[in-house]
Amino acid sequence: MSLCYMARQSLAEGNLMRTVIFDLDGTLADTSGDLIAAANSCFRALGHGDLLDPMADAETAFHGGRAMLRLGFARLGTSDPEAAIDREFPNLLAHYEAAIDTHTTLYPGAMEAVGRLRAAGCAVAICTNKPEALAELLLTRLGVRQDFGALIGADTLPVRKPDPAPFFAAVDGVGGARDRALLIGDTATDRETSRAAGVPSILVTFGPAGHSVATLDPEALLHHFDGLDDLVGRLLP
């Protein structure tokens, strides 16, 4: 068999490979407790006490550090919140890195589902708006980094989700085909990313937003990771 033929076969097979890209926070893992704790550490250092509630404000946590700070400063009635957010954001990241896996847990069945996808020949990767180094640290602490072929974070590229470039970088990073890929997430950002990339999206309903994510009109809803195989099979036959 010639090397040229083998190369053509490899390319053809690669173009058929299905690729599943996961968001991290609120999709694979419930990170809200540690995120809220990091924001509250900032507010305590400023003498305000805990301004965010780990349960009631969990959905805000999944919109990122700046969203949490913005909510807290809004409750204080801060006159120039964006300047305060810019000052405190590095502190929030430092607090979060120091206690990144105190409360965080993987959602039930998440890694079992990832294992089944890999066994079925799918490539899997992560595309998150968490800074890359923090995502690497968290996944390593959780013992699952090796299960994902690529990781694209908020600062890996000059742009972040909902720009489609990070999604495409994750697909390319595992040798997948962009037209044989989908995104699993939990927020409007993930839905907008999939639309911009022209790929299907699956939104989970077990996060703080619950079934309200149905209003974002994803191609599918995931109620438990036990059902992921069927959804991927339907959307990427």
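**Exercise 1. State how far the model can be read in detail, using pLDDT.**

Solution. 
Step 1. The protein chain averages a pLDDT of 93, and 94% of the residues score at least 70.
Step 2. Over residues 1–14, pLDDT stays under 50. For this stretch the model has three contacts beyond four places in sequence.
Step 3. Where pLDDT is low, the predicted coordinates should not be read in detail.

**Exercise 2. Give the order of the strands in the open sheet and find which strands stand at the edges.**

Solution. 
Step 1. The open sheet is formed by six strands in the order S5-S4-S1-S6-S7-S8, and the pairing is parallel.
Step 2. S5 (151–152) and S8 each have a single partner strand, so one side of each is left without a neighbour in the sheet; these two stand at the edges.
Step 3. Now take the pairs in turn. S1 (residues 19–22) pairs with S4 (residues 123–127) in the parallel sense over four bridges. On its pairing with S6 (residues 181–185), S1 is also joined by four bridges, and the two run parallel.
Step 4. S6 and S7 run parallel and are joined by three bridges. S7 and S8 (residues 220–222) also pair in the parallel sense, over three bridges.
Step 5. Ile-184 stands opposite Ile-202 in S7, and Val-204 stands opposite Leu-222 in S8.

**Exercise 3. Describe the surroundings of Thr-19: is it buried or exposed, and what does it contact?**

Solution. 
Step 1. Thr-19 lies in strand S1. Along S1, Thr-19 and Ile-21 point one way, Val-20 and Phe-22 the other way, and all are buried.
Step 2. The relative accessible area of Thr-19 is 0%, so Thr-19 counts as buried, the cut-off being under 20%.
Step 3. Across the sheet, Thr-19 stands opposite Ala-123 in S4. The next residue, Val-20, has Leu-182 in S6 as its bridge partner.
Step 4. Apart from neighbours within four places in sequence, Thr-19 is in contact with Ala-123, Val-171, Val-174, Gly-176, Ala-177, Arg-180, Ala-181, Leu-182 and Leu-236.

**Exercise 4. Find the buried residues of helix H6 and explain why they lie on the same side of H6.**

Solution. 
Step 1. In H6, residues 110–119, the buried residues are Ala-110, Met-111, Ala-113, Val-114 and Leu-117.
Step 2. These residues cover an arc of only 155° around the axis, which puts them on the same side of H6.
Step 3. Glu-112 and Ala-119 are exposed, on the face of H6 turned away from its buried side.
Step 4. The buried residues of H6 pack against S1, S3 (105–106), S4 and helix H10 (228–235).
Step 5. After H6 comes Gly-121, whose phi is positive, near 95°.

**Exercise 5. Trace the chain from S6 to S7 and describe the helix between them.**

Solution. 
Step 1. From S6 the chain crosses through helix H9, residues 188–197, to S7; this β-α-β crossover is right-handed.
Step 2. The buried residues of H9 are Asp-190, Arg-191, Thr-193, Ser-194 and Ala-197. Their arc around the axis is only 160°, which puts them on the same side of H9.
Step 3. They pack against helix H8 (165–173), S6 and S7.
Step 4. Gly-198 follows H9, and its phi is positive, near 70°.
Step 5. In S7, residues 201–204, Ser-201 and Leu-203 point one way and Ile-202 and Val-204 the other way, and all are buried.

Methods: Residues are numbered from 1 along each chain as its sequence is written. This is a predicted model: local features need pLDDT of at least 70, side-chain atom pairs count only at pLDDT 80 or more; totals for chains, interfaces and linings use all residues. Side-chain values use heavy atoms; hydrogens and water are left out. pLDDT is the predictor's confidence in each residue, from 0 to 100. Contact means heavy atoms within 4.5 Å. Buried means under 20% relative accessible area, exposed over 50%, partly exposed in between (1.4 Å probe, protein chains only). Two strands pair if DSSP finds at least two bridges between them. The arc is that of the directions from the helix axis to the C-beta atoms. A crossover is right-handed if, with the strands pointing away from the viewer, the path from the first strand over the helix to the second runs clockwise.
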